[in-house]
Amino acid sequence: VLAELIEKFVSHLSESRTDCYFSTGSYKAMDADVKKENLSSVQQLGVEMTVRYGKYLNLLKEDAENGLCFVLMNCEEFLKQQQRTVVSSLFCLQKHYAGYDWFASSIFLIMSGDREKTLMFLQQFSHLLVSAFLWLPRLHLSVHLPVTTVEYGIHPVYFCSAHHVEMLLKAELPLVCSAFHMSGFTPSQICLQWITQCFWNYMDWSEICHYIAICIFLGPDYQIYMCISVFRHLQQDILKHTEA
């Protein structure tokens, strides 16, 4: 039901010019015969973890690995059309996105391993503003960002979402804010980790689905409110650890 809902919602928005924040060219999917060996070692490890998790949740069938590789390779090629060339010694600004694509993997699981539906959804989703915040590889070396922003190698999620989390945390949860201050560790660091991984390894699958759906339906600012609500939920544990 969730797959059908987000599919129809995104399809509807991507057909409206006023809702299409990013303009993208047309893209034809590569050959379906994509093997795991074509991916980086980080991606291969991510594929194994995703397939294992998908089977544990009874969402994926035996041949799911090839389907996920197909989606990841095509996403990389599709996003490459909207990237600029930057000469930098920073590892995160090399040709490929340095991490694993947790958002695309999440959508693959939501779509029960249907690679064509997943790829179609991601292509339509990439037109919307919310894609910049939920799908981190979306803005890797992106032509949609000022060149100076790209050269710094800092993702907009860090200086937009994570920054606003810190601002809200001061007002909403001053004790948690002080606890982080005392530890010498910033809330924005942990938020970036949560958001990058789509809350994998932090939340249950149903909650991960809720996070993605809420941000798609209600807007990217709900990413910030979600982080604040998690900090509120963890407040007593955070304060206990600070005392100890």
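These legends go with a set of close-ups of a predicted model.

**View 1. Phe 103 meets Trp 135 in a tilted ring pair.** Searching the whole structure turns up 15 aromatic pairs, and here's one of them. The ring centres of Phe 103 and Trp 135 are 6.2 Å apart and the planes sit at 35°, so this pair counts as tilted. Phe 103 comes from helix α4 (residues 102–110), while Trp 135 comes from the loop between α6 (131–134) and α7 (147–152), so the contact ties together parts that are 32 residues apart in sequence. Both side chains are tucked away: Phe 103 is buried at 1% relative accessible area, and Trp 135 is buried at 0%.

**View 2. Tyr 222 and Tyr 225 pair up edge-to-face.** The two rings are 5.0 Å apart, centre to centre, with 85° between their planes. Both tyrosines belong to helix α12 (residues 221–233), where they are three residues apart, or about one turn of the helix. Tyr 222 is partly exposed at 31% relative accessibility, and Tyr 225 is partly exposed too, at 40%.

**View 3. Ring pairs build an aromatic cluster.** Look for Phe 180, Trp 194, Phe 199, Tyr 202, Tyr 211 and Phe 231, which are linked through their ring pairs.

View 4. Ile 154 is partly exposed, with 42% relative accessible area.

**View 5. Asn 58 has a positive phi.** Most residues other than glycine have a negative phi. Asn 58 isn't a glycine, yet its phi is about 60°. You'll find Asn 58 in the loop between α2 (41–56) and α3 (64–80). Asn 58 is exposed, with a relative accessible area of 71%.

**View 6. Cys 198 has a positive phi as well.** Here phi is about 55°, again in a residue that is not a glycine. Cys 198 is part of the loop between α10 (187–196) and α11 (205–218). Is Cys 198 buried or exposed? With 1% relative accessibility, Cys 198 counts as buried, whereas Asn 58 in the previous view is exposed.

How values were computed:
Residues numbered from 1 in each chain as written. Predicted model: local features only at pLDDT ≥ 70, side-chain atom pairs only at ≥ 80, totals over all residues. Heavy atoms only, no water. Phe/Tyr/Trp six-rings, centres within 6.5 Å; stacked < 30°, edge-to-face > 60°. Helix = DSSP H or I, 4+ residues; strand = E, 2+ residues; numbered from the N terminus. Buried < 20%, exposed > 50% of the residue type's maximum accessible area, 1.4 Å probe, protein only.
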